[in-house]
Amino acid sequence: MSGFKLQKSVLQLSVHEERIRKKVWATVSKFSGVTSITMDDKTGKMTVVGEVDVPVIVKKLRKICNAEIITVEVVKPPEKKPEPEKPAEIVAFPVTHFSYPYQYHSSYANSYY
């Protein structure tokens, strides 16, 4: 998705039954751009990480259970450290076109000298 940034959203849900919890998981996981979903069953808080439109998710979840947005924060992607350059590897190939000792003592080489 081009218009969204990677964000971490915490939602408060009122989920009391296992089947409703499964519906909530299925609904949130269908959104494109969701990278991870975690849910704390004791507090009813769900954390959604990804490039998604959070109000649209909450609108869908309100058809299943009570849902509210607690926090939405933009997550910066981890910075990639430049890897140190490795020295170029030296590859040695065996010399196969010489046929030692015949290169010095062949009759062809002696006829021109």
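Mentor: Let's start with a term: a residue is buried when its relative accessible area is under 20%. Keep in mind that we are looking at a predicted model.

Trainee: Why is strand E3 called largely enclosed by the rest of the structure?

Mentor: Strand E3 covers residues 45-50, and five of these six residues are buried, so the rest of the structure largely encloses E3.

Trainee: How do you know that E1 and E3 pair?

Mentor: Pairing takes at least two bridges between two strands. Strand E1, residues 7-13, is joined to E3 by six bridges, so the two count as paired. They run antiparallel, and Lys8 sits opposite Val49 of E3.

Trainee: What makes up the largest nonpolar core?

Mentor: That core has 18 residues, and Val28 and Met46 are among those with the most contacts inside it. E1, H1 (18-29), E2, E3 and H2 (54-61) each give at least two residues to this core. H2 supplies the largest share, four residues.

Trainee: How do you know which residues Val28 is in contact with?

Mentor: We look for heavy atoms within 4.5 Å. Setting aside neighbours within four places in sequence, the contacts of Val28 include Val34, Met46 and Leu61.

Terms used:
Residues are numbered from 1 along each chain as its sequence is written. This is a predicted model: local features need pLDDT of at least 70, side-chain atom pairs count only at pLDDT 80 or more; totals for chains, interfaces and linings use all residues. Side-chain values use heavy atoms; hydrogens and water are left out. Buried means under 20% relative accessible area, exposed over 50%, partly exposed in between (1.4 Å probe, protein chains only). A nonpolar core is a set of buried Ala, Val, Leu, Ile, Met, Phe, Trp, Tyr and Cys residues joined through side-chain atoms within 4.5 Å.
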